[in-house]
Each structure stands twice: as structure tokens, then as C-alpha cells.
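The following account leads the reader through selected features of the structure displayed below. Please keep the sequence and the coordinates at hand while reading.

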Amino acid sequence: MLRADNLVFAHPGQRTPYRFTLEARPGEVTAVSGASGSGKSTLLDLLAGFLQPASGSLDLDGLALLPLPPERRPVSLLLQADNLFEHLSASENVALGLPRDIDKASARERIAAALAEVGLSGFETQLAANLSGGQKQRVALARTLLRDRPVLLLDEPFSALDDETRRTTRDLVGELTRRHGWHTVLVSHHADDIAALASRHYRIVEGKLERV
Amino acid sequence: MPPALIVSLPLVGRDQGWGWPRQVAGILTMLTLPRRPIRVASAAILTLAIAALIAAVLWAILAAATDASGGSRIDIAHLLRMTALQAGLTMVLSLLVGTALAWALNRLRFFGRDLVVGLFAAAIVTPGMVVAFGLLSIWGRNGWINQIADTLFGITFDSPAYGLSGILLAHVVLDGAFAARILLARLDAIPQSRLKMGQSLGLSAWKRFALIDWPALRGSLPGLGAIIFLLAFTSFPIVLLLGGGPANQTLEVAIYTAVRLDFDLVGAVRLALTQIAVCSLVIVVASAFSPIPSALGRSVQPRWRDAAPVRALQWFTLALGAIGFALPLVSVLYDGLGAGLVRVLGQASFWWSTLTSISIGASSALLTLVLALVLALGRSAVEHRVARTVLNIPAYAYLAVPAVVLSLGFFLLVRASGVSVSLAAPIVVVIANSLLSLPFAIATLGPPLDAIMRTRGKLIRSLGLSGWHQFSRIEYPLLGRDIGLMLALAFCFSLGDLGVIALFGTQDFQTLPLLMYRALGSYKTNDAAAIAALLLIFTIAAFVGLPRLVERIAHAPRR
């Protein structure tokens, strides 16, 4: 279980600090909604380690996450855009999720398997710049598979996609979350995404998370 | 300490009793950027080393000023007035010409537009000596204009190529074209939505300029003007060739004359200190303005065209500008690739000078690349404003301590250390040329590196990429063209430099510009023309070819 307990944070000049308390279970999508500027992205930055709270605790199955820098947290990210490096191919982007000491043959094998799992077999050599929005998100998900981190943070990941792609990508996220037992936290202001995916739903109201 | 942004929260709330916990009022840490302690430390050490080098140069100059006995008869006040006058006039005229040319280019669609835009972009690297020589070919006493006038009408004109008018002409040709390219980029950046709105409102050409163009241009004019002022204030080869005597000397040329011809070290040191003081003042003022980019994107063909009479004016302006810039270069090629070329190619001194120029240019360019990469990578790894400013200080080294002053300082240092000047010369020239190119190199590599960190910093950090992995997989391929452009700029600056080599050059150690200057000094005009033509060809080839070559190499691992 991913558990954030009273994480307190304020941006410079912010009068009332955020106070976030949240629980996310394995194999489930926990959704967070709220108005623009309500603090949704700040919450994800706190969970990912890009921001350090003034107080509170954050742990995953008893492991304290706050002392860990972002690169050592058991967390993968999927943002609305800019998840890939456009000058690299799909497989090169996915390879960034592999350990550094892995040999080439098994790297190729694992990349192919990850791309197959997200439905992108045969796209290995395609430049990221030439992929569609949905394909880019799938490549980023393939990288997440290889990184094998138990927490997946999604920041409006479907916002830039058309309706059809949005549905299929959303289904893929739900399926991967269940299959791999991820603790997925989805930040979104789209009610249909939340309704389709989330087992648990919080809303940010006046800097605090309220269970819906 | 990790390269983290330390944000001190303002104390609002604490005294006003909003009840947020004390610990929030403490220090918060933002950890968006990957930790790169080696990059930051390397950049900091390099900054200190460059600062120490500049300090040593200034110390050598000050020590020489203190030790030197006797006076100097150099009229510094007059030189300062003349230098400021020509730099001020150059700035105003170049901005006017640049604005007019950018306006015309922004409106006109024609075949070969990219070539004209590229021609203006090349102004920044075109050696001043070559342009000065080209102007003499056109406007000199026996130049093309007088030859044509004499043949057709039997009259000749007084040459405007010497004195203040000649200096201004040469400066405006170079700096006007440079300004045109920068301002064109500003006009190209106007959002399409604003242009569509203006077009649908049926704005006249004048209203379009006043309401759409001018707001886009005016922000760049002060910073651009300051750079042009500094370039003209520290101009060396153009004033040396076209100044026509002491009356029109700049401080930079006066320093050279004092050291090389009059052996007046006291006067040279006083001039150097005056130069440093004025340049530093201009930099302080200029630093308040928006920076000028050195890497420019491709200019797009315009869609909204003005009415026919206005277009005629734009064609006239563009033709005048293109002829004004291109004609001196064409004349250099025409004169240089004629009779003198074979003679020059048969001289051993030419080949040695070419080899020296290319070796020094390549070494300077590579050293500049290393210095600029270390500084820019370090700077992009920190978010704290003060740390970023400190790591940017080396970029100002040249602007505060221009070529001839830097050379004078190195010259004094080398003399004081007891090392033979001829032995130290190649190393000093390479280091000096690198420092001179550094501001442009950092301005080229810094913004794209910052952009990578800004857009992908979180992703890179969350993926836990190592510093080397980040550079080899992400930054180097993306920077390919910028690295090429930077190498081309540094190579071309070094290739066309006369300021540094003028103090250190000997018969055995001379570059192409020095060989050309000496050929002119001994009235071997045909030799000088051939050298100028070859210098121009080398410069353009490097400026056009290097960015493409390096881009291809940088992207090679992807294919």
C-alpha cells in the first residue's frame, strides 16, 4: 500500500499550505481530481520526489520514501507530453528503463517483449518524433514495464489524445496496473477517465484531499 | 550539496496568524534537476581558472602601468571621443539599416531568399579585413566606382573608403547585415494568429509595422545596439586598414600602435585600462537588456504581402542592402581569384600561414567547445539564479577585455615570466582566441541545454540516467547542429583574427590575416587580394559546412 500521511507543502508566496493524505492500493488506480491550480501536479511532484514536503510521511509497504531522491524512488512517471526523447527510436527510448549493466541480447529481448505487451511490436526502429500521441504514451508505458517500479504516477496522460486512442490507452493502463500490481495514481480532470479506471477517487478541495 | 533549488519561503502568514506550521516557513527543496555534482564542480573550477587568468592579465597590465617610468603623449581623451563617436554612429546606422532590411526580407517571397538570409547570417563571421579590402576595391581611388565613372563620364570621385566614412561604411556593411538577421528572426517569431488578425483587419503597411512589427522588434533593439556598439568600439582590422591615420584611430588600434610601433608601454597600458573601463560600463548597461540569440532557426517565406508600391520599396531596400553587403565580397573574389592567386599559391609563406591559421583555428575551436560545454553543462545543472550567474561570468571575459588588450596582457605576462615570446605565441594565440569566442559559444550551447533540462529534467531524473548517459544519448545528439555552429563560429573568428596575432606574430609565426596585412603594408595588393579571397572562401566553407558535418556525426549513432 502506498500511503501519504499529512504531507504539508507550500509554494513560495502561497498563503495556505497543501495538506495531502492519501492511500493507493496495489493493482488499483487511485484517481485525484480538482480544479486547475488546485494542487494536482504538486501532489504528484511530492510523491515522485521533485518536491520535498515540510512535514508528513510517505511510505510504500513500510518503506519510507521521503528520504529517497526521485531517481531512487520506486516510481515511474507518465506525463501529458514530453515522455519520450524525440530524436531516439522507440526501442532506444524504452531501453532507458533498463539497468545499465544488462547485455545487448537480453536487452533486445526485453524491449521487444515490452513493446509487444503495449501492442507496438514492429515499431522498434521508428523515431519517437514520427509516432502518434497514443503510440508515444504506449512506448512510455513499455519503458515503465521494464523499469518495474511498483508505483505509476499519471499526470493527465490522456488529455492530448483523440477519443478512440484515449479509450484504448486508458484500457491498457488499467490492464497493466492489474496485471503488474502497480499502485497507480491518476491525476485528471476528466470524469470519464476517472469513472472508467479508478477504484478510489479523491478530490482536492482547498488544498486537502477529500475522498469521493 | 545537491544541485537543488533552495527556496526561502516568504514570511507572510507567520505574523498574520493564518496558522500554518512553523516548519513550512523554513526552507523547502526542489529536486527537479538530475544531480550532477561533477558537472557543477567542473564548471565552477573552470570559472575560477578563467577568472584567475583574466586577473593575471589585468595584474600584468596594472603592474606595467605602475612600474613604467616617464610619460606618454597619447591623447586618450581624443581617442575616447573618436572611438565613442564612430561606435555610436555605427550603432545607429546599423540598427536603421538592419531594421529596413529585416522588414523587406520579412515581406518578400522570392527564389533564393534562403541564400540572402544565409548571406546576412554570415556577416558575423566574415573577417573585417576582407570586407575592408572589398570596400577599397569598390570605393578606393582606383576602385570599381571610379573606373566606371572615369570610363563613362571622364570623372573621378574622392574616395570615401578612408577615414571615418570608410570605417562607418565597413562597420555598417557587417553590423547592418548582422542586425538584419537577428531582427528578421524576431519578425519571424510573430505568432501567425496575430498576422491573420492584422490581415483580416486590412492593416496598411505602416499600421502593420507600427502595430505588429515594432512591438516585436523594439525589445531586441537596446541589447542588439549594445552589442553593435561594443563590436564597433573594439574594432581592430577595419580601423587599421581604413582609419587613414591617427585622427580616426580607435583605442584598440592605438594600443597596437603604442606597443608594436612606438614601444610606448605606458601609453598602451593607460589605453587598455580606459578600454576595459568603458567596455565594462557598456556590458553592465547591456546586461539589463534581453540577450541576443546566436543560433537562429530557418526563416520562413511570408504569406501576407504588402501592397505593390510598398513591395517596390521593399525590393529597392533589399537590393541596396544585398548589393552593399555582397558587392565587396564579390569584388574580393573577383580580384583575388585573378592574376595574384597563382603567385600566392607558389609562395611557401602562404602555405605555412594557411597551415598555421587552420591549426590555430581548429585548436581554438576545440578548446572553445570544451570550455563552453563544461560551463554550459554545469550551468544547466543548477537552478539557483546566483549560481547560474556566477557560472556565466566567463562569457563576459572577452567583452570586458577585448582582443588587443587581452593580447597585451598576455604579452606582458609572457615577458615577465621569462618565457620566449615566440615559444609561447602559439599557445597564447589559441587561448586568447578561445576566450574571444567563448561568449558566442556559450550563447549558442547554453539555451538548448537549458531547454532540455527545462522540458525533460524531471524525466531524466526520474529515469536515474547517469551524467554520461544523459550527455551521450540525449544532449549530444540534440546539440549536434549547435555544436557545429559553435565550432564554425569559433573557427571563423580565429581564422579572421588580426587583433591577437598582431602582437605575437613574427616572420616565422603568421596567420593568413597577418600575411595579408603585411602584403598590403608592402604594397603587394595582388597578393593581399588573393589571400583575402582564400580567407573568405575558407570562412564561408567552414560556416556553412561545419554545422552540417557535426550534425551528421552527432546523429550517426541513431542510424
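Which residue takes a positive phi just after helix 5 of chain A? That residue is A:G181, with a phi of about 65°. This is a predicted model, in which local features need pLDDT of at least 70 and side-chain atom pairs count only at pLDDT 80 or more, whereas totals for chains, interfaces and linings use all residues. Residues are numbered from 1 along each chain as its sequence is written, and chains are lettered from A and ligands numbered from 1 in the order in which they are written. Helices (H or I, at least four residues) and strands (E, at least two) are DSSP runs, numbered from the N terminus.

A residue is buried if 20 or more other C-beta atoms lie within 10 Å of its own, exposed if 12 or fewer, and partly exposed in between, with C-beta atoms placed from the backbone. The arc is that of the directions from the helix axis to the C-beta atoms.

The axes of helix 4 of chain A and helix 5 (residues 163-180) of chain A come within 10 Å and cross at roughly 10°. The two helices are therefore roughly parallel. Axes are lines fitted to C-alpha atoms, for helices over the stretch in contact, and angles run from 0 to 180 degrees between N-to-C directions; angles under 35 degrees count as roughly parallel, over 145 as roughly antiparallel, 65 to 115 as roughly perpendicular and the rest as oblique. Helix 4 of chain A contributes A:G133, A:G134, A:Q137, A:R138 and A:L141 to the contact, and helix 5 of chain A contributes A:T165, A:T169, A:L172 and A:L176. Two residues are in contact if their C-beta atoms, placed from the backbone, lie within 7 Å.

Helix 3 (residues 104-117) of chain A has 14 residues, which at 1.5 Å a residue should span 20 Å, in agreement with the 20 Å between its end C-alpha atoms. Its buried residues are A:I111, A:A114 and A:L115. Seen down the axis of helix 3 of chain A, these residues fall within an arc of 95°, so they line one face of the helix. On the other side of helix 3 of chain A, A:A105, A:S106 and A:E109 are exposed. Helix 2 (90-95) and helix 4 (133-147) of chain A are among the elements that cover the buried residues of helix 3 of chain A. After helix 3 of chain A comes A:G119, with a positive phi near 80°.

Most residues other than glycine have a negative phi. A:N6, in strand 1 (residues 2-9) of chain A, has a positive phi near 50°, and A:N6 is exposed, with 12 other C-beta atoms within 10 Å. A:D61 has a positive phi of about 45° and lies in the loop between strand 4 (55-60) and strand 5 (63-64) of chain A.

Chain B has 23 helices and two strands, and 49% of its 559 residues count as buried. Helix 3 (residues 113-121) of chain B and helix 6 (residues 163-188) of chain B pack at an angle of about 120°, with their axes 7 Å apart. These two helices of chain B are therefore oblique to each other. Their contact is made by B:V117, B:F120 and B:A121 of helix 3 and B:A177, B:A180, B:R181 and B:L184 of helix 6.

How values were computed: The expected span of a helix is 1.5 Å times one less than its number of residues.
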